[in-house]
Amino acid sequence: MIYEVLVKPNSKKGPLVVTSGTMLTVYLREKPIDGEANAALIKLLAKNFGVAKNRIAIKTGTRGRKKLIEIS
């Protein structure tokens, strides 16, 4: 399944996942430095969907806030 994700790093709300269909808004406390936010995103989504971290891949948007995530 592929999800469109909007990531909000360095947020006071985090960690939080808000869903609406295939669109996810994810609030993270980690800063977008050295891939910390991407690693936290994968960890949080794995916990949220109940899958292993290696089953989640960032298809596009590794350097931006809008990402396409594939969960296999």
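This is a predicted model: local features need pLDDT of at least 70, side-chain atom pairs count only at pLDDT 80 or more; totals for chains, interfaces and linings use all residues.
1. Local features are limited to pLDDT of at least 70 and side-chain atom pairs to pLDDT 80 or more, whereas totals for chains, interfaces and linings use all residues. Residues are numbered from 1 along each chain as its sequence is written, and side-chain values use heavy atoms, without hydrogens and water.

2. The protein contains 1 helix and 5 strands, taken as DSSP runs (H or I of at least four residues for helices, E of at least two for strands), and their order from the N terminus is β-β-β-α-β-β.

3. For 72 residues a compact globule would have a radius of gyration near 11 Å, and the protein agrees because its value is 11 Å (over C-alpha atoms; the rule is 2.2 Å times the number of residues to the power 0.38). Along the principal axes, the C-alpha atoms fill a box of roughly 30 × 25 × 20 Å.

4. Of the 72 residues, 33% are buried (under 20% relative accessible area, with a 1.4 Å probe and protein chains only). The exposed surface comes to about 4800 Å², of which carbon and sulfur atoms supply 51% (Shrake-Rupley method, 1.4 Å probe).

5. Among contacts (heavy atoms within 4.5 Å) with a separation of 6 or more, 29% join residues 24 or more positions apart.

6. The largest pocket has a volume of about 240 Å³ (an open set of points on a 1 Å grid where a 1.4 Å probe fits, with protein on both sides within 12 Å along at least five of seven lines; lining residues have an atom within 4 Å of a point; the volume is the space filled by probe spheres set on the points). Its lining has 13 residues, and Pro32, Asn38, Thr62, Arg63 and Gly64 are the closest to its centre.

Notes. Buried means under 20% relative accessible area, exposed over 50%, partly exposed in between (1.4 Å probe, protein chains only).
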